Amino acid sequence: MANSTWGSTPELLHQSSAKLKNPKKHNHYGFKDFFQFDPNRGTIVDWNNSQNVLTTEDFIIGLVEGLEEEVGEASAATMYTIGCDWGQKDAFFFEKWFEKEYDRPMRQTNLLFLLETWWWPFTAQGWGRWEIDLGDRKQGFMFINIFDSAVARTLGDVGKPVCFLYAGLFAGFFTELVKKQLSCIEIQCYSMGETYCKFLLGGQDRIDAASFWLNEGATARDIEKRLRSGELR
Amino acid sequence: MLSQIQRLSQETEGRYASDEELRFLVEYARSFELRVQTYQKIQAAEAQILQQVQAKMRSLDPTLFRSGNDDITNKWKRDTLRTLRYSAAAMLIDDPEALRERFLFWFQTIMRAFGAQKSCGVTYTVMQEVIKQHLTTSEASLILPILEVNRRMLGTV
Amino acid sequence: MSSMTLSPNGNGSQETQNWLQSSVQTFFATCNWDNQSIEVQSLKLSALTEVETELALNLSVQDFFAAVNWDGTSLSSPALAPAQDLFEPAESDDGFTLTDFSDLF
């Protein structure tokens, strides 16, 4: 799991022989390709020169439970806010490495390809695989599915959604990407017994509506249906 | 084979490997000559293989080489050639796992992003037929399973 | 779709020869899949110059097998990545770019 992606320490560079020989090799997400381990310096640097830290499930549990102990119910909002900050900073970081790797401006790239490329480092880092559903984009919202959420898988079935960090990450990243204020809410979670996590991304009014319906006990499917039929309350 | 060696080295830290655990090495050694032969044949025939696959695909459905208004033949050639070469390399060292982890998982998402699954499905179906014409049965038996993995991973929606 | 110009790797030396077109001999010689340690690589090197090189039994299993000169070929620089990456993304697909996407929100 990445410990931070906001700016790499100047002297940390991924310089495996594979990368030096072919820095534009796009398929570099195998574990041993993506990460360079330097036992002498005790560093793990990824292909984009970001420093990484390997953590265990204990870390995640400690983080979540520790935060809950400190701030109680505000822990969800706190994790979301952290995620937003991370996502926003990652958007800048991503733009730099994407344009360097592909020699083209981000804004003129095929969107789905761009997004897949953004998420690959996260998959390599263990955050989980994803699936984007842009089917409702013309209505101004979209869905993101996450398989094997690191947080949810660690916490297991606890009867409530737990992937606030992810929701914040998506909100922060996409807000920066589209240059409009977007929010994100998890409408289905592995930690509630589902097989995967589902997130809704859109303007605040959509998210508020979904939040309201969730509190009333709506399922993800209900929410999808209502949004598609244009309901907002 | 290399992924298996990696795993073996971790599992046998501090002890000797059992005969059972070393069996894959014996099998690899046995198949080595055949793998080299197959690899070299594919290498020599790659241009022909690609050309034959393209021709067959065009006769089945010329729209497979169009994306909207664009002709994507050259793009198809580059992607297919690279995949074939990676496949041959994976066959040579008997490491389909590395092929998946270092290439196919990523390439699958890229193909999906471009909606190219149908094209990939046909490509690797046709390629299996075509490549059989260039190889003996035992040589083909080494590469066909890999091409089938390509078809399944890249060619299904 | 854009037609792509394949530009050769910057350093222009012999090492940029596309490994995928190299002979099997050269291919095996340039494999360094597991980032073999210097120890292993030097073992392999010594195996070329001496008739018999003893592989120490205190090597780890991985290093031991990695140092075996499987095909009696020469050792050259480790590299497995192709000199040229053949993949290039489409410039415009159905024309749906980030700018179009942003306009929807």
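Me: Which strands of chain A does helix α7 lie across, and what angle does helix α7 make with β6(A)?
Reply: Happy to start there, keeping in mind that this is a predicted model. Helix α7 of chain A covers residues 164-178. This helix lies across β5, β6 and β7 of chain A, and its direction relative to β6(A) is about 145 degrees.

Me: What is the strand order in the open sheet of 4 strands in chain A?
Reply: Let's begin at the edges: β4 (129-133) and β6 (183-188) of chain A each pair on one side only. From one strand to the next, the twist averages 25 degrees. The pairing is antiparallel, and the order reads β4-β5-β7-β6.

Me: Which residue is the bridge partner of Asn145(A) in β7(A)?
Reply: Strand β5 of chain A spans residues 141-147, and strand β7 of chain A spans residues 197-202. These two strands pair in the antiparallel sense over 6 bridges. In β7(A), the partner of Asn145(A) is Lys198(A).

Me: What is the radius of gyration of chain A, and what would a compact globule have?
Reply: Good one to check against the box, roughly 55 × 45 × 25 Å along the principal axes, that the C-alpha atoms of chain A fill. With 233 residues, a compact globule would come out near 17 Å, which agrees with the value for chain A, 18 Å.

Me: How many residues of chain B are in contact with chain A, and how many of them are nonpolar?
Reply: On the chain A side, 9 residues take part, and they meet 9 residues of chain B. By class, the chain B side has 2 charged residues, 1 polar and, to finish, 6 nonpolar.

Key:
Residues are numbered from 1 along each chain as its sequence is written. Chains are lettered from A and ligands numbered from 1 in the order in which they are written. This is a predicted model: local features need pLDDT of at least 70, side-chain atom pairs count only at pLDDT 80 or more; totals for chains, interfaces and linings use all residues. Two residues are in contact if their C-beta atoms, placed from the backbone, lie within 7 Å. Ala, Val, Leu, Ile, Met, Phe, Trp, Tyr, Cys and Pro count as nonpolar, Asp, Glu, Lys and Arg as charged, and the others, Gly among them, as polar. Two strands pair if DSSP finds at least two bridges between them. Axes are lines fitted to C-alpha atoms, for helices over the stretch in contact, and angles run from 0 to 180 degrees between N-to-C directions. The radius of gyration is taken over C-alpha atoms; the globule rule is 2.2 Å times the number of residues to the power 0.38.
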